[in-house]
Amino acid sequence: MKKLLTYLQVPDEASGNLFLGLGILVLVCLGVGIATGWYFLAGLPAFFLLIYLTFVDFRAVFFLLLACLPLSTEIQLPNGFGTDLPTEPLMIGLMLVYGLYVIQHGRQMDSRFVRHPISLLLILHVAWVLITTITSELLLVSVKFSLAKIWYVTVFYFLAGGILRKQRDVRTYFWVIFIPLMFTVLVTLVRHSTYNFSFRDVHRVLHPFQRNHVNYAATMALFFPVVWLAVAWYRRWSLRWWILVGSIAVLVLAIYLSYTRAAYIAVMMAFGAYLIIRLRLMKVVLAGGLLVAVIGVGYMVQDNTYLDYAPNYDRTVSHYQFDNLLEATAKGEDISTMERVYRWVAGFHMFRDKPAFGYGPGNFVNFYRPYTVTSFTTYVSDNKEQSGIHSYYLLVLVEQGVLGLILFLTLSFYVLIRGEEIYHRARDAGRRRIVLMVLLSTVVIDAFLIINDLVETDKVGAFFFLAMAILVNQDLENGKAD
């Protein structure tokens, strides 16, 4: 890789020719783009420059990718596929360059990060995804899913682990994401204000930054505890202190006006998690939560008790006032909630049919309809959007089988349990603050995953792996301090 970088780097005497050539290329591409109507040609010079920069300094491109996360937009492709621009091409490019770097310098790299228990559990999780891809009912769909999983994990965990090592790196990470995130939030609030912040019109104001109000709220909610704790980085009454304090108020308002019940609950859970971590109660709480979940599922499946909770088709409708939505949710008459139940019931029946390996990653939508129960049907059960099961844990069970769920839950639980230990072992106040940031952010994501499937989205999934990478590095820093 050093030879490659040396070859790519331009000596001082050639820099004038480089910029002259780049200028000519820009003019030519711009002229041809205008003349032919193929305006994308105007972006080719930037594309080639980005490729060059990726090889010369992929750290800069990595931070560029982070800055693009709040700004990215989803593009639908033929045959039901889609991509996120510009983030997904950047991920793929960084994955390939990082792969070359590892091949060239793997023996000189610090192996402690890869040998960390969180890394090993993550590798096991990805390995099982690949195994269930081989046994998939629709191989092409699962291959696409697995490739996306690989570049997410490679870039946002392993590459991030090599970059976000020190506290100053985490501060850079914070500001690189914070600035574009607040830009999207302010733009959305201004747009929403033109509709008097109505619940009915919240979806209209999210494009092109967000797919729906759930993704929008999740992005803000997972970064909220990070902003809250970042305030302590700066001297009280300083400019940056005021910016962060003001941003907290803006985020609280924006989360409320997203009208997303999951976001409200997730943020409250983050505050509860703060006390749990401080009191060293994570193991107890997770064990209790798992026990309640098992008892609840057991109760529902015994004698088909779940059928008693089937909705009234005529009364389960969409609501355009948020107060009415909350009331309907409590009564089981909210169409969004009951459509989730409709798919959850189908998911459990699918699991019973293929408990070992599941249907293969990415395949729930392609196979769930024969397993649905008619009494749970709602007005939107035709699922024209081809959306998923709306519970990531259940999704893993359906698509990757029981071992897939065990591996993912083990990874998720261990991150929280080990994170609590890392927090209490840290002697440095700044390190404890960083550990708390990523732990609370992880709690918010885990809470969303109960009734949403967001790990494979760049707005949320990226932070899921980034938090783990930062946590492992803080653990390694604790080891050095000890």
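Me: Is Tyr359 buried or exposed in this predicted model?
Reply: The model is predicted, and the relative accessible area of Tyr359 in it is 2%. Buried means under 20%. Tyr359 is therefore buried.

Me: Which charged residue sits over the ring of Tyr359?
Reply: A charge counts as over a ring within 6 Å of the ring centre and within 35 degrees of the ring normal. Over the ring of Tyr359 there is a charged end 5.6 Å from its centre. That charged end belongs to Lys354.

Me: Is the pair of Trp128 and Phe357 stacked or edge-to-face?
Reply: The chain has 32 aromatic pairs by the ring-centre rule. In the pair of Trp128 and Phe357 the ring centres are 5.5 Å apart and the planes meet at 15°. Planes under 30 degrees apart count as stacked and those over 60 as edge-to-face. The pair is therefore stacked.

Me: How many residues apart in sequence are the parts that Trp128 and Phe357 tie together?
Reply: Trp128 belongs to helix H7, residues 117–134. Phe357 is in the loop between helix H15 (335–353) and helix H16 (364–367). The pair therefore ties together parts whose separation in sequence, in residues, is 229.

Me: How are the rings of Tyr359 and Phe367 arranged, stacked or tilted?
Reply: Their centres are 5.4 Å apart, with the planes at 35°. Stacked pairs need planes under 30 degrees apart, and edge-to-face pairs need over 60. An angle of 35° falls in the remaining class, so the pair is tilted.

Me: Which residue has its charged end over the ring of Tyr234?
Reply: Tyr234 belongs to a cluster linked by ring pairs, together with Phe174, Trp175, Phe178, Phe223, Trp233 and Phe463. A charged end sits over the Tyr234 ring, 5.7 Å from its centre. The residue is Arg171.

Me: Which residues does Ser247 contact, leaving aside its neighbours within four places in sequence?
Reply: Ser247 is part of helix H11. Its relative accessibility is 7%, so Ser247 counts as buried. Its contacts beyond four places are Phe178, Met182 and Val227.

Me: What distance separates the end C-alpha atoms of helix H12?
Reply: Helix H12 covers residues 261–278, a run of 18 residues.

Me: Within what arc do the buried residues of H12 fall?
Reply: The buried residues are Ala262, Ala263, Ala266, Val267, Ala270, Ala273, Ile276 and Ile277. Seen down the helix axis, they line one face of H12, because they fall within an arc of 170°.

Me: Which exposed residues are on the face of H12 turned away from its buried side?
Reply: The buried residues of H12 pack against helices H10, H11, H13, H17 and H18. The face turned away from that buried side carries two exposed residues, Met268 and Leu275.

Me: What covers the buried residues of H15?
Reply: The 19 residues of H15 should span 27 Å, and its end C-alpha atoms are 27 Å apart, which agrees. Its buried residues include Ile335, Glu339, Arg340, Arg343 and Met350. Among the elements that cover the buried residues are H16, H17 and H18.

Me: What phi does Asn196 take?
Reply: Most residues other than glycine have a negative phi. Asn196 lies in the loop between H9 and H10 and counts as exposed, at 68% relative accessibility. Although Asn196 is not a glycine, its phi is positive, about 60°.

Terms used. Residues are numbered from 1 along each chain as its sequence is written. This is a predicted model: local features need pLDDT of at least 70, side-chain atom pairs count only at pLDDT 80 or more; totals for chains, interfaces and linings use all residues. Side-chain values use heavy atoms; hydrogens and water are left out. Helices (H or I, at least four residues) and strands (E, at least two) are DSSP runs, numbered from the N terminus. The expected span of a helix is 1.5 Å times one less than its number of residues. Buried means under 20% relative accessible area, exposed over 50%, partly exposed in between (1.4 Å probe, protein chains only). The arc is that of the directions from the helix axis to the C-beta atoms. Contact means heavy atoms within 4.5 Å. Rings of Phe, Tyr and Trp (its six-membered ring) pair if their centres lie within 6.5 Å; planes under 30 degrees apart count as stacked, over 60 as edge-to-face and the rest as tilted.
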